[in-house]
Amino acid sequence: MAGHEERVITEVAKQLFIGGEWRDPALGATFKVEDPSTGSVLCEVADAGTDDAFAALDAAVRVQPTWAKHPPRERGEILRRAYELLMQRQEDLALLMTLEMGKPVPEAKGEIAYAADFLRWFSEEAVRIEGGFSTAPNGQARFLIMRQPVGPSMLVTPWNFPMAMGTRKIGPAIAAGCTAILKPAQQTPLSALALAQILREAGLPEGVLSVLPTTDAGGVTEPLLRDGRIRKMSFTGSTGVGRKLLEQSSEQVLRTSLELGGNAPFLVFDDADLDAAVEGAMQAKMRNIGEACTAANRIYAQSGIAAEFSRRLSERMGQLRVGRGTEEGVQVGPLIDAKAREKVQHLVDDAVDRGARVMVGGGPDEGAGYFYRPTVLSDVPQEAELSDTEIFGPVAPVITFETEDEALADANDTEYGLVSYVYTSDLNRALRVSERLETGMVGLNQGIVSNPAAPFGGVKHSGLGREGGRVGIEEFLETKYIGIGGVD
């Protein structure tokens, strides 16, 4: 391991962060963190168990009343200082992220900036928590409306955006006055632990945040969700796991936010600007190596431009450089693990067996690490398994369609509804199609929709609630109504 790499790994605390302190797990267990580009072990970190989870919950419950009363301006200033620290350490944090999950360093730097912006956004929202006052319709009472923090919150984040998904949840929780327990993904605990160090340095009081890396997700989260003292659960991950957490949360009727799987359609109409559409497809497909819930999963190209669009997309995909994310000029890093690569290969093989044609790529790279070549498939039949399965890899299936109604029917024929993309030069069609697409977000002539200032979330089996934007903090606030009588 090179000197810079070794330093950024060494500087991260490897213990549990509970009640403002770094401590060893009750059972003394640890687990290995792997570099997906080589398969080698980067380090070992503490492995939390049920006793550690309850220690974190005890701390969160103990601190909640005083944190809820903490001045909103000061809560915001803590987030603002954390934002500045993230940006000051962008280079090191990006390298740390690349080492544990694989994305190229330039892209990791982009995620650090994106993650930091959630802290900046919610630092500003902390002082904008508003209530209301009004007169009853009969004039005989007054209504006082106030907003109060939900309370101790359980936050569960995925491995694909290990820093940004942390700040997207921690930011509004802190701004609203909620204490929180963060359980990061087993594959990427280092970014979360580094974030805990930064928030502590920024002045976050003891007990407001705990971070519990673990290999026993069920043993850490389920007992807390069923305990009764956690009042909010926020999860980003697969729909299957989300359903289980929703069921567990129902026992105590918890406030729940779920950002789940996606199966994003990318519609390109005959009248689209093809250069812009190809560029948008590259962004929507290849951001984060295709390992994103917002990734273009099904690319629908109208028959008049399908062949040319596929040719141009294949040319662009074939030019991408694959390699370890720390190397200069690399644009595509490894998938997260062997299981992920096997899944991608299975989906490609299934599509080819059903008649799809490989335009470029189509298989893994040789050697160490979990690399898969950027792939374009043309003539993909709608019945191919990847049409209804989140690919989570650098594979772009192109499906030809004839009419607008046909494209919409196919695009909406899924249980998911996170995001969709539309490329057209016809304003009426743009609005018409955007309204009919059954997704929580639409990228209209753009391939990226994520922004801290916009509400992120889906419909159907893609989740509940929204993160980011002005509504993001609402997920961590309860509304209280006080009726005032005796008014003449």
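This is a predicted model: local features need pLDDT of at least 70, side-chain atom pairs count only at pLDDT 80 or more; totals for chains, interfaces and linings use all residues.
Which residue lies over the face of F456? I looked, and R168 does, at 4.2 Å from the ring centre. My rule for a charge over a ring: NZ of Lys or CZ of Arg is within 6 Å of the ring centre and within 35 degrees of the ring normal. K232 turned up as well, over the face of F476, at 5.0 Å from the ring centre.

Residues are numbered from 1 along each chain as its sequence is written, and side-chain values use heavy atoms, with hydrogens and water left out.

Next, ring pairs. I found seven aromatic pairs in the structure (Phe, Tyr or Trp, using the six-membered ring of Trp, with centres within 6.5 Å; planes under 30 degrees apart are stacked, over 60 edge-to-face, the rest tilted).

I checked W159 and F392: their planes sit at 85° with centres 5.7 Å apart, so I call the pair edge-to-face. W159 is in the loop between β7 and α6, F392 in the loop between β15 and β16, 233 residues apart. (Helices are DSSP runs of H or I, at least four residues; strands are runs of E, at least two; numbering starts at the N terminus.) W159 has 15% relative accessibility, so it counts as buried (under 20% relative accessible area; exposed is over 50%, partly exposed in between, with a 1.4 Å probe and protein chains only).

Then F266 and Y423: centres 5.2 Å apart, planes at 25°, so this pair is stacked. F266 is in strand β12 and Y423 in strand β17, so the pair ties together parts 157 residues apart in sequence. Both are buried. Ring pairs also link F266, Y421 and Y423 into a cluster.
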